[in-house]
Amino acid sequence: MKAKKFFEERSDQSEVKARIVTKYFFAWAQVVMPTAAKHGGKIACIDLYAGPGRYKDGAASTPLLVLQTAIDHPRMSQMLVSYFNDAKNENTATLQEEIDQLPGIEKLKHKPIVTCGEVDDEAAKYFNETNLIPSFSFIDPFGYKGLSLNIIKGVIKDWGCDCVFFFNYNRINAGIGNQFVAQHMDDLFGKERADALRTRLPGLTPELREAAILEELANEIKRLGGTHVLPFTFKNASGTRTSHKLIFVSKHFRGYSIMKSIMAGESSTHDEGVPSFIYSPADASMPLLFSLAQPLSKLKKSLLDTFAGQEVNFNQIYESHSIDTPYVDKNYREILKQLENEGAISVRSTKGKRRAGTFADHVLIRFPEGGHIGH
């Protein structure tokens, strides 16, 4: 029987997911290559659930997009080591065919490695015990089997190692209270957090359930060393419920900031210029007519409260305040300009004249004592 050559369908969500992962891979590689060149000269891309390479409509999936990115980049083509795995023989056979047919594949110094195997405790043990070269890992299981935070801990533990994983929210939300998949849930959240969720979730509204599940997941990842966690949410076709999430994990603010910018660009709505970090197929047909959340007003108040009495530069504000918030670089610049124009902050340059409305490293921003004052 001929191997099944394609994923069943490519949805809008699949395209967005592939774009996010591929854009980040390219940006990540630009950051790590200069340092990696001095230490062995290799960087890696690891995809543990690689699939067959193409969708039914012929569009390339993530492994082929990553390889094409490397083929088109002279330096990357000499440094990239790629490792693709799938549990199904027909997928790996087809993926190998697709890789072999990629135009320019011979430009890659290191031939892509394709393996077939289950992602299990042995895989987790390998990644936790092996010193990895700078690696970008993508973990995209169909459900939750094989997705353990022990794997994620292993693939992010070394320098220059970041990870994106696919979190099937629908199935995991249903699975937390299901005793037949209790072990999978314990692997994913850690037993203590999984037990806490089992106790806490019954009776919560769908929105509060989602927030609680994501908070416990992020806290466990942070406990394991993934200091920066950034989720991107995909809604179902009607836009009424969360179907799945793409979750980025890094130990470095620079990676977090780059991915935040990429995910912001893929968000289907923005509120006062603040990205939702949500892709919903329904948003095009149900545009937001006005903003109720007023997120920039909240940012203004929060900055005045957080930095009350302090003198800091823009990078110090952005790096310490933006983590676990939806705000991106331009939101901070806009609010700081507003605050300066209102006379609510004072600004001085330590290096000669400053161009009005700009916040370079040498520009110091002083916040008044007492923080936000209500009207």
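This is a predicted model: local features need pLDDT of at least 70, side-chain atom pairs count only at pLDDT 80 or more; totals for chains, interfaces and linings use all residues.
Local features need pLDDT of at least 70 and side-chain atom pairs count only at pLDDT 80 or more, while totals for chains, interfaces and linings use all residues. Residues are numbered from 1 along each chain as its sequence is written, and side-chain values use heavy atoms, with hydrogens and water left out.

User: How many disulfides are there?
Analyst: A disulfide is a pair of cysteine sulfur atoms within 2.5 Å. The closest cysteine sulfur to that of Cys45 is in Cys163, 11 Å away, which is too far for a bond. Cys161 is in no disulfide either, with the sulfur of Cys163 as its nearest at 10.0 Å. The count is 0 disulfides.

User: Is Cys161 buried or exposed?
Analyst: Buried means under 20% relative accessible area, exposed over 50%, and partly exposed in between (1.4 Å probe, protein chains only). Cys161 has 1% relative accessibility, so Cys161 counts as buried.

User: Which element gives the most to the lining of the largest cavity?
Analyst: Helices (H or I, at least four residues) and strands (E, at least two) are DSSP runs, numbered from the N terminus. Strand E2 (43-47), helix H2 (62-71) and strand E6 (135-139) each give two or more residues to this lining. With 3 residues, the most is given by H2.

User: How many residues of the lining of the largest cavity are nonpolar?
Analyst: Ala, Val, Leu, Ile, Met, Phe, Trp, Tyr, Cys and Pro count as nonpolar, Asp, Glu, Lys and Arg as charged, and the others, Gly among them, as polar. The lining has 1 polar residue and 1 charged residue, and the nonpolar ones number 7.
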